[in-house]
Amino acid sequence: MGQILTVYPEQPSLRQTVTLGGTQYDLRLVWRDRPAAWYADLWAADGTEVWLGQRVTPGWPLGAGLGPVGKLDGALLVRGPSGGYDRHDLGRTVQLVYYPSSELPEAVAAADAVTATVP
């Protein structure tokens with residue numbers, strides 16, 4: 001099914017603790033006016049960088065292709081319409097959805113899921 005993350009787009013920069021696959025992470029989302037997009041940073045609970053500066057783009061998993069450092073036990077996919085989005089679309093039409101590794105093949109195959117290649 002996937003875990004939809006709760007976000008607060010009324011704040012142009014927010015930082016929150018999220019639990020993904022039973023592990024706690026620190027997630028920061030920042031809205032950048034010039035490219036008109038959200039960017040995400042993720043750290044392990046101990047402060048270790050998982051990935052930084054990932055553009056939130058519908059149809060793409062955050063942290064994809066970053067090798068072992070950027071790995072989660074699963075994938076944080078961005079669901080939503082292709083093309084541009086507004087700051088306030090985050091959490092509404094643009095959603096961050098975590099799928100644990102055990103559910104990932106089903107999520108990618110589902111009709112409403114994002115088509116993505118996850119290593």
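## Arg 79, a buried arginine

Arg 79 counts as buried because its relative accessibility is 15%, and the cut-off for that label is under 20%. This is a predicted model, so read that value as computed from predicted coordinates.

As for its place in the fold, Arg 79 belongs to strand β7, which covers residues 74–79. The Arg 79 side chain also has a polar partner: a contact of 3.5 Å links it to the side chain of Tyr 99.

## The four-stranded sheet

Now to the sheet built from β2, β3, β4 and β5. Its strands are laid out in the order β2-β3-β4-β5, the sheet is open, and the pairing is antiparallel. At the edges sit β2 (13–20) and β5, each with pairing on one side only. Going from one strand to the next, the twist averages 20 degrees.

A general point to keep in mind while looking at it: side chains in a regular strand alternate between the two faces of the sheet.

Strand β4 takes in residues 37–44 and β5 takes in residues 49–55; the two run antiparallel and are joined by four bridges. Tyr 39 has Arg 55 of β5 as its bridge partner, while Leu 42 stands opposite Trp 51, also in β5.

How values were computed. Residues are numbered from 1 along each chain as its sequence is written. This is a predicted model: local features need pLDDT of at least 70, side-chain atom pairs count only at pLDDT 80 or more; totals for chains, interfaces and linings use all residues. Side-chain values use heavy atoms; hydrogens and water are left out. Two strands pair if DSSP finds at least two bridges between them. Axes are lines fitted to C-alpha atoms, for helices over the stretch in contact, and angles run from 0 to 180 degrees between N-to-C directions. Buried means under 20% relative accessible area, exposed over 50%, partly exposed in between (1.4 Å probe, protein chains only). A polar contact is a pair of N or O atoms within 3.5 Å; within protein, one must be able to donate a hydrogen and the other to accept it, and residues adjacent in sequence count only if both atoms are side-chain atoms.
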